[in-house]
Amino acid sequence: MKSTPLSLIAGVVALAAVTGFAALAVPGDDGATEAKAAARLPVERSSLLCPAPSTSDLAETTYTSFTPAAKDGPKDGTAELKAAEALPADEDEPADGKTGDADDKADADDKKKTEADDKEKAADSKPVVSLKDLGKPVTAETSKSGAPALVGTATDRFAPGWTTQQTTTAAAGGARGLLGVSCTAPDTDFWFPGASTGASRQDYVHLTNPDDTAAVADIELYGAEGPLKSDVGEGITVPARSSVPLLISTLTGEAAENVTVHVTTRSGRVGAVVSAAEDEVGSDWLAASADPAGTQILPGIPADATSVRLVAFAPGEDDADVKVQLLGKNGTFSPAGNDTLHIKSQMTASVDLKNVTRGEPGSLRLTPTDDSRTPVVAALRVVRGTGAKQEVAFIPATGPVGERATVADNRAKGSVLSLTAPRKTAKVKVTASAGSEGGEAAVKTYTVKGGTTLEVTPEAPAGLKGGYALTVETESGGPVHAARTLTIPEGGIDMFTVQTLQDDGGTVEVPEAEQDLSVLDD
């Protein structure tokens with residue numbers, strides 16, 4: 001038997017650090033070598049995709065990028081977000097019949113246009129956001145109408161826990177509101193309960209492709225009566241390193257107030273997120289729900305919410321019956337008259353919970369009423385204010401913060417953190433990073449009682465200048481789910497947006513070989 005070189009073992013470790021999975025087979029074995037208890041190593045590469053922010057001339061967008069500080073690890077690396085490429089123009093234009101001098105002038109104009117395009121491409125190739133230090137966020141701003149989507153990669157020391165927040169303030173117009181989204185990692189499967197094809201809504205699903213080859217996506221829509229007929233939702237091509245926004249109401253001829261959007265890819269991968277604008281109410285981003293599961297947690301309902309609508313969907317072949325419970329400040333209770341929800345298979349269910357929090361912060365928990373544990377996805381549409389001063393945001397079901405989770409773009413005023421422990425009491429450490437323009441990090445520990453939601457105003461960094469990031473780490477106890485609400489007053493309206501925090505996946509399990517492959521003899 002020939003010896004297995006050390007470089008192979010190193011390659012397996014590197015593959016696991018990048019992809020989260022690696023298997024190693026010994027030559028002559030029938031299967032992979034048995035592994036001992038897996039070690040956890042920091043990832044070496046992360047990808048993020050930010051959707052095109054707004055087409056409004058009145059919109060201002062801030063990008064905030066951040067990687068938590070680390071004691072050990074590599075010294076090198078980069079973290080950059082660049083503009084996604086514009087879609088190619090149609091080159092099959094009819095001839096204009098110009099000859100002679102007209103052709104010469106046309107050629108000269110084409111040359112100028114080409115030179116201008118080259119300059120624009122060179123500008124687009126420069127990073128929009130580029131991290132320089134761990135533990136300190138970097139920001140960039142744009143008020144450009146039609147600003148592009150961003151595609152980015154972090155490597156080595158900047159990869160573990162890399163996050164970027166995109167926050168847009170639109171002061172007026174049909175898309176008025178505070179639109180916030182944590183830029184997403186590319187994937188192949190997304191669920192968006194809470195979208196709409198109704199007359200009062202203008203919802204777009206944004207698909208962004210980070211790779212050098214085209215991706216092909218399918219979009220399925222489900223209303224209260226089942227699948228919505230669509231002849232154009234299949235085989236959608238997303239060109240390499242480009243972004244495609246699709247108005248959801250144009251994918252079907254059926255109008256439905258509550259719609260679940262399912263995005264999958266046949267080839268390649270994409271980042272997907274939905275922008276939702278509602279007439280006379282406001283706008284925000286709707287992020288994807290956690291993967292289908294029997295139990296779902298939706299954290300961070302503001303205490304002053306005036307309207308809360310739950311939208312849920314059962315993607316499998318079986319109906320789902322779930323208990324609806326609010327995890328409040330002091331305990332758990334079921335909303336009067338809405339303690340259960342029946343969700344028919346492949347039909348979108350919704351229920352108006354009105355002002356369910358009654359002046360106290362809360363989180364929603366959905367659990368099976370029996371042992372079937374039929375998987376569901378879910379999201380909340382949350383409204384604050386009344387009349388002309390309404391503003392809307394969305395809260396998708398989300399997983400726990402796990403080992404560590406981060407949300408960027410917190411301000412000196414207006415940031416609130418919601419922590420909920422749906423099972424056992426838990427202790428978490430919350431770190432407010434140094435500011436983007438100055439200040440020292442601040443750390444505080446909180447205890448969250450089981451079955452409750454704790455709302456805290458984070459302790460801002462000392463000497464804060466600019467924005468900062470919040471990192472939540474579980475220290476003991478049961479799982480904790482978290483959300484950050486950012487509120488910015490604008491024109492007499494408390495515009496707000498809610499971002500959930502999920503485990504950042506900064507480390508992956510790398511199995512240790514049962515035997516030392518480097519000493520195997522011939």
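**Why these labels? A predicted chain of strands**

Author: Proline 239 sits in the loop between strand 14 and strand 15. The model is predicted, so local features need pLDDT of at least 70 and side-chain atom pairs count only at pLDDT 80 or more, while totals for chains, interfaces and linings use all residues. Residues are numbered from 1 along each chain as its sequence is written, and side-chain values use heavy atoms, with hydrogens and water left out.

Reader: What makes proline 239 partly exposed?

Author: Its relative accessibility is 21%. Buried means under 20% relative accessible area, exposed over 50%, and partly exposed in between (1.4 Å probe, protein chains only). Proline 239, at 21%, therefore counts as partly exposed.

Reader: How do you know which elements are strands, and how many does the chain have?

Author: Helices (H or I, at least four residues) and strands (E, at least two) are DSSP runs, numbered from the N terminus. The chain comes to 2 helices and 38 strands.

Reader: What sets arginine 241 apart in its phi angle, and where does it lie?

Author: Phi of arginine 241 is near 50 degrees, a positive value in a residue other than glycine. Arginine 241 lies in the loop between strand 14 (236–238) and strand 15, and it is partly exposed, with a relative accessible area of 27%. Glutamate 280 also has a positive phi, of about 65 degrees, although it is not a glycine. Glutamate 280 belongs to the loop between strand 17 and strand 18 (282–286).

Reader: Why is glutamate 280 called exposed?

Author: The relative accessibility of glutamate 280 is 73%, so it counts as exposed.

Reader: Is serine 275 buried or exposed, and what does its side chain join?

Author: Serine 275, in strand 17 (residues 271–278), has a relative accessible area of 12% and is therefore buried. A polar contact of 3.4 Å joins its side chain to that of histidine 206.

Reader: What makes that pair a polar contact?

Author: A polar contact is a pair of N or O atoms within 3.5 Å; within protein, one must be able to donate a hydrogen and the other to accept it, and residues adjacent in sequence count only if both atoms are side-chain atoms. The pair of serine 275 and histidine 206 is listed at 3.4 Å. Contact in general (heavy atoms within 4.5 Å) takes in other residues: leaving aside neighbours within four places in sequence, serine 275 touches Gln202, Asp203, Tyr204, His206, Asp284 and Trp285.

Reader: Why is the pair of glutamate 257 and arginine 309 called a salt bridge?

Author: A salt bridge is a side-chain nitrogen of Lys or Arg within 4 Å of a carboxyl oxygen of Asp or Glu. The N to O distance for glutamate 257 and arginine 309 is 3.0 Å. Glutamate 257 lies in the loop between strand 15 (243–247) and strand 16 (259–267) and arginine 309 in strand 20 (residues 305–313), so the pair ties together parts that are 52 residues apart in sequence. Arginine 309, at 14% relative accessibility, counts as buried.

Reader: How many salt bridges does the rule give, and which others can be named?

Author: The count comes to 12 salt bridges. Among them, aspartate 304 pairs with arginine 384, the closest N and O atoms being 2.9 Å apart. Aspartate 304 is in the loop between strand 19 (296–301) and strand 20, and arginine 384 is in strand 26 (residues 377–384), 80 residues apart. Arginine 404 pairs with aspartate 504 at 2.6 Å between the closest N and O atoms; these two lie in separate loops, 100 residues apart. Arg40, Glu403 and Glu509 are linked in a network of salt bridges.

Reader: How much of the chain counts as buried?

Author: Of the 522 residues, 49% count as buried. Residues 24 or more positions apart account for 82% of the contacts with a separation of 6 or more.

Reader: Where does pLDDT stay under 50?

Author: pLDDT is the predictor's confidence in each residue, from 0 to 100. It stays under 50 over residues 1–35, which have 57 contacts beyond four places in sequence, and over residues 87–100, which have 5 such contacts. Where pLDDT is low, the predicted coordinates should not be read in detail. The chain averages 87, and 83% of the residues score at least 70.
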